[in-house]
Amino acid sequence: MSSEIFYDKAFIRVGDRYIPVVNHGSSNCFEIGRRGREIPEKYWSVLNYTRRDSQIFTADEMRQIAEVYEAASMGNRGGTRKSRYRSFEEGEFGRWILAGMKSAHTVEEYRKYGNTVVVVDYSEPDWQRHPVYTTGELTEKLKELKGRSISVSFWDNRHVTHPPMRRKGKPMDFSLLPEYYVLSAMQGYFVKRSSRRIWFARGEKPVAPGIRKFKSEKAAQKYLDDNQGIFSKYAFTVECVKNGGVSI
């Protein structure tokens with residue numbers, strides 16, 4: 001049975017609206033890579049099922065789109081996946097889509113990090129990709145090709161270098177606090193996590209820049225509790241770091 005795998009998302013911000021571009025491919029489709037080996041199919045396209053005549057959406061429209069895709073995912077259990085061997089759980093695909101708005105970037109920001117946004121015209125006999133380098137060029141090309149079978153993509157079908165996330169305000173300077181808190185285990189100090197892996201700073205002092213810091217013991221404990229599933233394999237303790245010394 002074929003499944004659609006959603007590998008990544010790279011939403012494009014156009015003013016206060018969004019183009020929901022995602023990287024996906026069929027589980028039973030492959031292509032030949034540069035080294036002559038078969039590799040999984042991957043390509044970028046816009047999440048606009050039931051709205052094929054549009055590419056740009058408001059936040060409210062994105063919430064409606066997320067509901068449509070979430071319902072389709074739940075109606076086809078196992079047919080919508082986040083990796084070759086893992087399906088989206090109930091409610092997860094919709095949340096994954098909506099999170100794309102928080103990590104959206106402009107054409108210029110993607111361009112700054114070496115990516116090229118393209119508008120793909122599938123109406124042409126062999127279809128054509130039109131590179132755009134500014135938000136203005138993007139909107140003009142979409143207007144020019146309105147009514148044709150088009151989508152928004154990236155020049156590299158498989159990868160995008162994501163610009164850094166926007167931060168609200170300045171990051172907290174923990175060195176100015178009398179104390180802060182970190183998570184400690186036998187493997188080292190907690191740095192970050194993904195859905196399948198935890199990174200540690202091994203043999204480092206708890207003041208190393210990459211180590212995850214918390215303003216209060218309550219915040220550190222809450223983070224442990226909220227991530228109990230992935231943290232259960234490790235005997236974490238909350239460690240208090242005093243600026244000038246360490247206590248537990």
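Student: Let's start with one residue. Where does Lys9 sit in the chain's secondary structure?

Tutor: Lys9 belongs to strand E1, which covers residues 4-9. Keep in mind that this is a predicted model.

Student: What lies 3.4 Å from a polar atom of the Lys9 side chain?

Tutor: That's a backbone atom, the oxygen of Trp96.

Student: And which residues does Lys9 touch, if I skip those up to four places away in sequence?

Tutor: Trp96 turns up again, along with Val21, Val22, Trp44, Ala99, Gly100 and His162.

Student: On to the nonpolar cores. How many residues does the largest one have, and which have the most contacts inside it?

Tutor: A core is a set of buried nonpolar residues joined through their side chains. The largest in this chain has 36 residues, and Ile12, Ile19, Ile97, Leu138, Val152 and Phe154 have the most contacts inside it. A separate core of 15 residues includes Leu183, Phe190, Ile198 and Ile230.

Student: Take Phe154. What is in contact with Phe154, leaving aside neighbours within four places in sequence?

Tutor: Among its contacts are Ala10, Ile12, Val21, Trp44 and Tyr110. The list also has Asn115, Thr116, Val117, Val118, Arg129 and Val160.

Student: Now a cysteine. Is Cys29 buried, partly exposed or exposed, and why?

Tutor: Cys29 counts as partly exposed because its relative accessibility is 30%, and that class lies between under 20% for buried and over 50% for exposed. As for its place, Cys29 is in the loop joining strand E4 (21-26) to strand E5 (30-32).

Student: How far is Cys29 from Glu41 in sequence and in space?

Tutor: They're twelve residues apart in sequence, with 5.6 Å from C-alpha to C-alpha. Cys29 touches Glu41 and also Pro40, again not counting residues up to four places away.

Student: Let's zoom out. How many helices and strands are there in the chain, and what share of residues is buried?

Tutor: You'll find six helices and 17 strands. Of the 248 residues, 42% are buried.

Student: What share of the contacts joins residues at least 24 apart?

Tutor: It's 61%, counted among contacts between residues at least 6 apart in sequence. As for overall dimensions, the C-alpha atoms fill a box of roughly 70 × 40 × 40 Å along the principal axes.

Technical notes:
Residues numbered from 1 in each chain as written. Predicted model: local features only at pLDDT ≥ 70, side-chain atom pairs only at ≥ 80, totals over all residues. Heavy atoms only, no water. Helix = DSSP H or I, 4+ residues; strand = E, 2+ residues; numbered from the N terminus. Polar contact = N/O pair within 3.5 Å; in protein donor to acceptor, adjacent residues only side chain to side chain. Contact = heavy atoms within 4.5 Å. Core = buried A, V, L, I, M, F, W, Y, C linked by side-chain atoms within 4.5 Å. Buried < 20%, exposed > 50% of the residue type's maximum accessible area, 1.4 Å probe, protein only.
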